[in-house]
Amino acid sequence: MVNLGKNALLLCLIASGLSACSNYARDVADTVKLATTGLPDANISPDYIKKLPYASVYIQVDDAAKVFSVLAEVENNKELKWVTADHYLLTTKNGRVIKTIGFSEDITHTSNTDNDPLAQGITMLNTHPKWESTVFWSKVFKSGYKITSEFEPEGVEQIKILDQEKKLIRYDEHCEVAELNYKYTNHFWLDPITNKVVKSEQYMGPGLPVLKITTLKQYSSGS
């Protein structure tokens with residue numbers, strides 16, 4: 001049996017920059033309980049998400065079960081840190097996973113994130129932009145590899161999140177790691193109104209798992 005209080009305290013310490021830590025710990029305890037009891041997705045209601053005072057997402061690794069996660073910390077109003085009940089930590093920036101902790105092979109650094117086309121939004125993504133980044137990992141690929149990519153708009157798709165249908169614009173990011181002669185494709189779905197990534201399927205690296213992230217409640221810097 002998971003000690004919910006201990007988990008909540010751990011997440012609260014990770015999120016030490018947040019105010020009202022006791023309230024945060026209590027809310028996180030609820031989400032930890034929800035994640036560890038294996039409740040089906042339908043048990044997470046829109047009302048629950050609306051009342052929860054923190055941004056929240058589903059995180060799925062390959063075809064494993066989805067995990068419900070709340071936002072633990074924000075750095076520089078751009079880097080969002082998400083903690084799962086089984087103590088994985090994902091850091092995203094503009095919807096892209098740029099760092100992880102807890103996997104058998106972790107992303108330790110992603111360069112050139114300020115120039116990521118995802119940061120520019122739909123207007124830029126519609127121009128088939130190219131991007132170059134060097135990514136470092138914790139073990140096999142710890143020396144780092146250069147990844148080049150090009151975005152391709154795929155049109156509007158209707159995606160159901162919780163009980164709400166959303167019209168999102170899908171963009172495929174075709175990635176290449178030339179040194180390894182390896183290619184893969186990430187998928188991002190953006191809201192045409194907010195210009196933010198709502199859903200994504202992105203590989204952690206060459207031959208590594210795909211992370212499927214669905215936003216249930218967006219982070220707002222004004223909240």
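**The largest cavity**

Author: β7 gives the most to the lining of the largest cavity, namely four residues. This is a predicted model, in which local features need pLDDT of at least 70 and side-chain atom pairs count only at pLDDT 80 or more, while totals for chains, interfaces and linings use all residues. Residues are numbered from 1 along each chain as its sequence is written, and side-chain values use heavy atoms, with hydrogens and water left out.

Reader: Why is this space called a cavity?

Author: On a 1 Å grid over the protein atoms alone, a cavity is a set of points where a 1.4 Å probe fits but cannot get out, and lining residues have an atom within 4 Å of a point. The structure holds two cavities of 30 Å³ or more, and about 200 Å³ lies in the largest, a volume being the space filled by probe spheres set on the points, which are joined across faces, edges and corners.

Reader: Which residues lie nearest the centre of the largest cavity?

Author: They are R96, V135, I147, Y184 and Y203, from a lining of 20 residues.

Reader: What makes residues of this lining nonpolar, polar or charged?

Author: Ala, Val, Leu, Ile, Met, Phe, Trp, Tyr, Cys and Pro count as nonpolar, Asp, Glu, Lys and Arg as charged, and the others, Gly among them, as polar; the lining therefore divides into 11 nonpolar, seven polar and two charged residues.

Reader: How many of the chain's residues count as buried?

Author: Buried means under 20% relative accessible area (1.4 Å probe, protein chains only), and 45% of the 223 residues count as such.

Definitions and conventions
Buried < 20%, exposed > 50% of the residue type's maximum accessible area, 1.4 Å probe, protein only. 1 Å grid on protein atoms, 1.4 Å probe; cavity = no way out; pocket = protein on both sides within 12 Å on 5 of 7 lines; lining within 4 Å. Helix = DSSP H or I, 4+ residues; strand = E, 2+ residues; numbered from the N terminus.
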